[in-house]
Amino acid sequence: MPRLPNRTLEEFVKDYERTGQILRPNPDWEEDLRQTVVVTPEIAARVRTYTQVQKKKPRPECRCQEAVSRPGVAPLIELNDGKTIPSLGLGTWLGFTKTGDREPVKDNSVQKAVEIAIDSGYRHIDTAAIYSTEQQVGAAIRKKIAEGAVAREDLFVTSKLWNNNHAKSAVVPALKMSLAKLGLKYLDLYLIHWPIAQTSLQEHATYADIDYVETWEGMMEAQALGLVKSIGVSNFNVTQLDRLITMSKVKPAALQIEVNLNLQQEELIKFCKTHNIAVIGYTPFGSLFHNRAAKDAPPPRSDDQTLLKIADRHHKTVAQVNLRYLIELGVIPIPKSVTKKRIEANIEVFDFQLNQQERDVLKSFDRNYRTIAVTMWKDSPYYPFNK
Ligand SMILES: NC(=O)c1ccc[n+]([C@@H]2O[C@H](COP(=O)([O-])OP(=O)(O)OC[C@H]3O[C@@H](n4cnc5c(N)ncnc54)[C@H](OP(=O)(O)O)[C@@H]3O)[C@@H](O)[C@H]2O)c1
């Protein structure tokens, strides 16, 4: 079954250009082209020349989040350091248990999820030292590379530095440990997971008196060593981000924060747009699903009638509408799922657009309500929330 029926060569090229894929052609592009038109040597030569010309052109300001592209392909967004990041990724944190501990890794479901994700078109995978999923993420990536399904340079792999490794001298060894677990030579993005430094791995450990500006120097060193392409931070507020930018030579390429319908982060997103910092949105579903919503969580749930109507209008699910809305806010969502159908559906959000009226409805659910509040750290001088 052709994946791109009834399209002319010009439409094909235009689509690739619009989605940013022309700059780093998707490994499937020749196959896609073959299924679109009969590829004569003349057509192949034209596309090759076109690709080369586009590669040499100065890159325009990326407006990928506004574009509608092919289903299953997340357009690339340019970072402030010249690298690119796919505009949707797969999360791999297993979450908390009912008693509030981290869900233990019991089986190889994360490895399977990453394999399914790569087969479904995901090129961006999010993990962290604290999730204990780096081994499985790495195993899946290496398997897919060995199978020839994807090349390392087409993947965007993120990991994060945990709070117990905030001393400048601890950053490179911690990153090397993550790389060893992943079985990779480099990361695409390494984030300071929290602005808070702690003395040991335990969540209830005491605070270490280390300023994140010092930690950032370790991150810059890791980047200079070529162990990571881009560096960024997570869970920083506007004041902390501003201070980091003012006091450091390298600007963070990305900020990863919670963004969902109940926490739309207008101020932080605006700040990041002004400073050309990409915003990666974690816990993108927030309290949308009944089984994940706390008793006090504000609406909506996935059976909300207004959301169902919007979803029906676009022949999409409520979960897909939720993700599309975040993309249109300029956010790169990283939905987590270990369920094949959901993994596949969560990336099918680049072939439709919401209208202003629909966006207004979605905006109305913003309550500044946090799913991940980490109140156990509220006494830290670096606690990022409500400041
Ligand atoms: N930087 C940070 O501090 C931080 C904090 C939290 C999370 N993160 C990152 O962000 C990622 C995503 O956040 P999250 O895991 O907290 O939450 P999330 O992605 O908003 O939600 C995950 C939950 O939603 C379910 N789900 C996924 N797609 C669905 C669909 N289409 N329909 C119905 N249910 C669906 C999943 O179930 P199944 O898996 O059973 O399918 C899982 O229970 C994490 O995995 C992690 O990589 C970063």
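These legends go with a set of close-up views of one predicted model.

Residue numbers start from 1 in each chain and follow the written sequence. Since the model is predicted, local features need pLDDT of at least 70 and side-chain atom pairs count only at pLDDT 80 or more, while totals for chains, interfaces and linings use all residues.

**View 1. The whole chain, before zooming in.**
The protein chain has 13 helices and 10 strands; these are DSSP runs numbered from the N terminus, with helices being H or I of at least four residues and strands being E of at least two. Out of 387 residues in the protein chain, 41% count as buried. Here, buried takes 20 or more other C-beta atoms within 10 Å of the residue's own, exposed takes 12 or fewer, and partly exposed is in between, with C-beta atoms placed from the backbone. A contact is a pair of residues whose C-beta atoms, placed from the backbone, lie within 7 Å. Take the contacts in the protein chain with a separation of 6 or more, and 74% of them come from residues 24 or more positions apart.

**View 2. Helix H7 and what its buried residues pack against.**
H7 covers residues 212-224, and its 13 residues reach 18 Å from first C-alpha to last, close to the 18 Å expected at 1.5 Å a residue. That expected span is 1.5 Å times one less than the number of residues. Buried in H7 are Tyr-212, Thr-215, Trp-216, Gly-218, Met-219 and Ala-222. Their arc around the axis is only 155°, so they sit on the same side of H7; the arc is taken from the directions between the helix axis and the C-beta atoms. What do the buried residues of H7 pack against? The partners are helix H6 (168-182), strand S6 (187-192), strand S7 (228-234) and helix H8 (238-247). After H7 comes Gly-226, with a positive phi near 80°.

Ala-170 lies in helix H6 and counts as partly exposed because it has 17 C-beta neighbours inside 10 Å. Ala-170 and Thr-215 are 45 residues apart along the chain, with their C-alpha atoms separated by 8.6 Å. Not counting residues up to four places away in sequence, Ala-170 touches Asn-165 and Gly-218.

**View 3. Tyr-190 and the largest nonpolar core.**
A nonpolar core is a set of buried Ala, Val, Leu, Ile, Met, Phe, Trp, Tyr and Cys residues joined through C-beta atoms within 7 Å. The largest one has 85 residues, of which Val-114, Tyr-190, Leu-255 and Ala-278 touch the most other members. Its largest share, 7 residues, comes from helix H11 (residues 318-328). Leaving out residues up to four places away in sequence, Tyr-190 touches Ser-159, Leu-161, Leu-175, Met-219, Ala-222, Val-228 and Ile-231.

**View 4. H11, a mostly covered helix.**
In H11, 9 of the 11 residues are buried, among them Val-318, Asn-322, Arg-324 and Tyr-325. The buried residues of H11 pack against S9, H10, strand S10 (331-333), H12 and H13. Gly-330 follows H11, and its phi is positive, near 95°.

**View 5. The shell around the ligand.**
Which of the 26 residues around the ligand come nearest? They are Gly-91, Tyr-282, Phe-285, Lys-336 and Thr-339; a residue counts as near if its C-beta atom, placed from the backbone, lies within 6 Å of the molecule. Helix H12 (residues 340-346) gives the largest share of the shell, 3 residues. By class, the shell has 11 nonpolar, 11 polar and 4 charged residues.

Most residues other than glycine have a negative phi, and most peptide bonds are trans. Ser-132, not a glycine, has a positive phi of about 60° and lies in the loop between strand S4 (124-126) and helix H5 (134-147). Thr-283 also is not a glycine, and its phi is positive at about 45°. Thr-283 is buried, with 23 other C-beta atoms within 10 Å, and has its place in the loop between S9 and H10. Pro-300 is in the loop between strand S9 (278-282) and helix H10 (305-313), and a cis peptide bond joins Pro-299 to Pro-300, with omega about 10°. Ile-372 sits in the segment after helix H13 (356-363); C-alpha to C-alpha, Ile-372 and Thr-283 are 8.3 Å apart in space.

Notes. Two residues are in contact if their C-beta atoms, placed from the backbone, lie within 7 Å. Ala, Val, Leu, Ile, Met, Phe, Trp, Tyr, Cys and Pro count as nonpolar, Asp, Glu, Lys and Arg as charged, and the others, Gly among them, as polar.
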